[in-house]
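Hi everyone, thanks for coming. Let me put the structure up on the screen, and then I'll walk you through a few spots in it.

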Amino acid sequence: MPAGQQSGKPTPPPTEEWGDDFSGSDLNPNNWEQFTFEGGSGGTLKVEQGELRLRSVSGARAGVRSKPAFQGDHFLVEGTLARVGPTLPEPGQPNQAPGNGILTVLFDSSGRNRVEWLLTSEGLLEAWVMVDGRAERLDSRNLATKAKGPTLAIVRRGDEFLFMLNGQEGLRKNLKNMPRSFHLMLYGFGSSENNWDSVRVVTVKQAK
């Protein structure tokens with residue numbers, strides 16, 4: 001290209017990255033805090049063999065939330081699942097209910113405003129948004145995967161949200177006027193076993 005000639009492609013903005021590969025023997029207290037926004041606390045949480053292994057209690061939405069709060073309306077949030085197991089058997093129920101691992105963009109401390117992308121123990125994928133406590137399922141109930149160790153990601157571009165699986169777009173939705181400040185949360189509803197290999201958050205670097 002001749003000197004001084006521009007390619008015409010815009011320069012991407014600088015980004016900041018945060019993440020955890022759960023390589024230690026304990027949950028990093030600088031990165032995470034245990035967090036519940038529905039139901040009781042309890043269950044199990046441990047870090048072993050490079051995985052964060054979570055199991056809550058029946059009827060609860062409890063797991064871990066990122067200590068830092070992130071800012072911006074352009075970001076990527078992703079988590080790689082090692083395993084999603086069924087829930088523990090309930091008294092009087094002949095069969096175990098499916099479990100789930102849920103990647104959550106949490107916009108407040110009450111859970112009333114959040115975006116979720118989840119994988120069930122049966123390999124089904126579900127996308128949800130909660131606005132002022134009102135839940136809406138975004139997918140058409142036809143998304144599934146047999147991939148081992150899948151990576152779930154939520155990408156935000158202003159009002160546009162992309163729900164990704166292993167780098168491929170599974171769903172795209174416009175969600176108006178969502179907040180700019182958020183935490184990352186990992187959990188499985190009720191007594192679901194959900195084990196995570198790694199997570200990361202990529203945001204556009206804020207101007208000083």
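**Salt bridges, a strand and a loop**

Let's begin with E169, which counts as partly exposed because its relative accessibility is 40%. On that scale, buried means under 20% relative accessible area, exposed means over 50%, and partly exposed lies in between, using a 1.4 Å probe and protein chains only.

Before I go on, two notes on the source. This is a predicted model, where local features need pLDDT of at least 70 and side-chain atom pairs count only at pLDDT 80 or more, while totals for chains, interfaces and linings use all residues. Residues are numbered from 1 along each chain as its sequence is written, and side-chain values use heavy atoms, with hydrogens and water left out.

Back to E169: its side chain meets that of R172 in a salt bridge at 2.6 Å, N to O. By salt bridge I mean a side-chain nitrogen of Lys or Arg within 4 Å of a carboxyl oxygen of Asp or Glu. R172 is partly exposed too, since its relative accessible area is 39%.

How many salt bridges does this rule give? The count comes to 16. Another one joins D139 and R137, at 2.9 Å from N to O, and D139 is buried, because its relative accessible area is 7%.

Then there is a network of salt bridges that links K46, E48, E51 and R53. Within it, E48 and R53 meet at 2.5 Å, N to O. Is R53 buried or exposed? R53 is buried, because its relative accessible area is 18%, whereas E48 is partly exposed at 29%. R53 sits in strand β4, residues 51-55; strands here are DSSP runs of E, at least two residues long, numbered from the N terminus. Beyond its neighbours within four places in sequence, R53 has contacts (heavy atoms within 4.5 Å) that include T44, L45, N194 and N195.

Next, strand β5, residues 61-66, where 6 of 6 residues are buried. What does β5 pair with? Strand β2, residues 32-38, runs antiparallel to β5 and is joined to it by 6 bridges; pairing takes at least two DSSP bridges between two strands.

Finally, F189 lies in the loop between β15 and β16. F189 is partly exposed, because its relative accessible area is 31%. F189 and G101 are 88 residues apart in sequence, yet their C-alpha atoms are 7.7 Å apart in space. Among the contacts of F189 are E38, R61 and I102.

Methods: Helix = DSSP H or I, 4+ residues; strand = E, 2+ residues; numbered from the N terminus.
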